[in-house]
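Visitor: Could you walk me through this structure? I am new to it, and I would like to start with a turn.

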Amino acid sequence: MASVEIRNVRKAFGAVEILHGVSISISDGEFVILVGPSGCGKSTLLRMIAGLEGISSGEIRIGNRVVNDLAPKERDIAMVFQNYALYPHMTVANNMAFSMKLQRAPKAEIEARVAKAAEILGLAKLLDRYPRQLSGGQRQRVAMGRAIVRDPQVFLFDEPLSNLDAKLRVSMRAEIKALHQRLRTTTVYVTHDQIEAMTMADKIVVMHDGVVEQVGAPLELYDRPRNMFVAGFIGSPAMNFIEGKVKTNGVATLETPGGISLPLISAPVASDGRPTVYGIRPEHLELGDDGFDAEVAVVEPTGSETQLIAKVAGQPVVAIFRERHNLAPGQRIKLRARRDAAHLFDKQTGQRL
């Protein structure tokens, strides 16, 4: 196992710069997820760590080695792709053993490593099958097994669950997390799915337009987002944003153009009258007679909870209730925001206040 250091890394295709001085520290044994919307540069960065993409400037270290100019096979990494990349004419056992056979490893060592990986992944009874005889989840486990057999310093995962159905994605998330807890191999995982990031990672790196917006533990990013992009990207449904101005006469509040007053525990220094964006997560809204006026637009029951989309001063606001309420479109209700759960952002910069 090894740490990974990414220091001021840039990537340009001609005159177009894709990554703008990215720096990330990944500790030995840590599970780090790169997350962000399509086109943010996360897969490009992963391919640069793997050696599949060149570096325009900066430095990447794996362990105590600078690997900028090393070939992929010399970096002691193993990569699991979105499309499995299994050889259709080979059995599961041969697919898993292929890289070791290329290295001319002893037959006994190959067999021992394949057997161990198959036991870890629940593939022991499938070693004689071909990829066409496996389900999507089983094929992904074979791809993971091929990586485990190599016993690398670093695992790299490039959106490995994207081709699976929703139920299988949930079970595979748990399998990958359990695998990491067992092996404790340094892992860098790329996804655009923030639920995957929240449930699996030790540390999340949120990327946007080729820059790192925030790095931290999942709940740290959820509870203390650095800016509006992170606040809106992490969490499902996304955080609600309501524009207004801070008022500090007596009790701190945010006043919206529609005349709604939203409570604040405190206001930033010298913020009276400042154009501000008030952020509140859907689960921090509740029904209450002392709340603000809202009109029910859509009610979406899911069984364990009810998701409500309401109009507040002309703006859509999402609320989630664990309790079951008899609500209907067009109904007038009052919503109350938890004062201790509010977030304030500068309207111009989007940065947290």
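Guide: In the hairpin formed by strand 11 and strand 12, with five residues between the strands, Gly250 has a positive phi near 80 degrees. Helices (H or I, at least four residues) and strands (E, at least two) are DSSP runs, numbered from the N terminus. This is a predicted model: local features need pLDDT of at least 70, side-chain atom pairs count only at pLDDT 80 or more, and totals for chains, interfaces and linings use all residues. Residues are numbered from 1 along each chain as its sequence is written, and side-chain values use heavy atoms, with hydrogens and water left out.

Visitor: How many bridges pair strand 11 with strand 12?
Guide: Three bridges pair strand 11 with strand 12 (residues 253-255), in the antiparallel sense; two strands pair if DSSP finds at least two bridges between them. Lys247 has Thr253 in strand 12 as its bridge partner.

Visitor: And which way does strand 11 run against strand 14?
Guide: Strand 11 and strand 14 (residues 275-280) run antiparallel and are joined by six bridges. Opposite Asn240 stands Ile280 of strand 14.

Visitor: Changing topic, what is the order of the four strands in the open sheet?
Guide: The order is 2-1-4-5, with antiparallel pairing. Strand 2 and strand 5 (65-66) stand at the edges with a single partner strand each, so one side of each has no neighbour in the sheet.

Visitor: Which residue is the bridge partner of Arg7 in strand 4?
Guide: Glu59 is the bridge partner of Arg7; strand 1 and strand 4 run antiparallel and are joined by five bridges. The side chains of Glu59 and Arg7 also meet in a salt bridge, at 3.3 Å from N to O. Glu59 is in strand 4 (residues 57-62) and Arg7 in strand 1, so the pair ties together parts that are 52 residues apart in sequence.

Visitor: How many salt bridges are in the whole structure?
Guide: A search finds 19, a salt bridge being a side-chain nitrogen of Lys or Arg within 4 Å of a carboxyl oxygen of Asp or Glu. Between domain 1 and domain 2 the count is zero.

Visitor: What are those domains?
Guide: The protein chain is assigned domain 1 (4-232) and domain 2 (239-346), with bounds from an automatic or database domain assignment. Their centres, taken over C-alpha atoms, are 39 Å apart.

Visitor: How many residues of each are in contact?
Guide: Eight residues of domain 1 are in contact with seven of domain 2, where contact means heavy atoms within 4.5 Å. The area buried between the domains is about 680 Å², with 62% from carbon and sulfur atoms; buried area is the accessible area (1.4 Å probe) that two parts lose on being put together, summed over both. In domain 1, Tyr222, Met228 and Ala231 lose the most area to domain 2, together 74% of what that side buries.

Visitor: Where is the cis peptide bond?
Guide: It joins Ser236 and Pro237, with omega about 0 degrees. Pro237 is in the loop between helix 8 and strand 11 (240-247).
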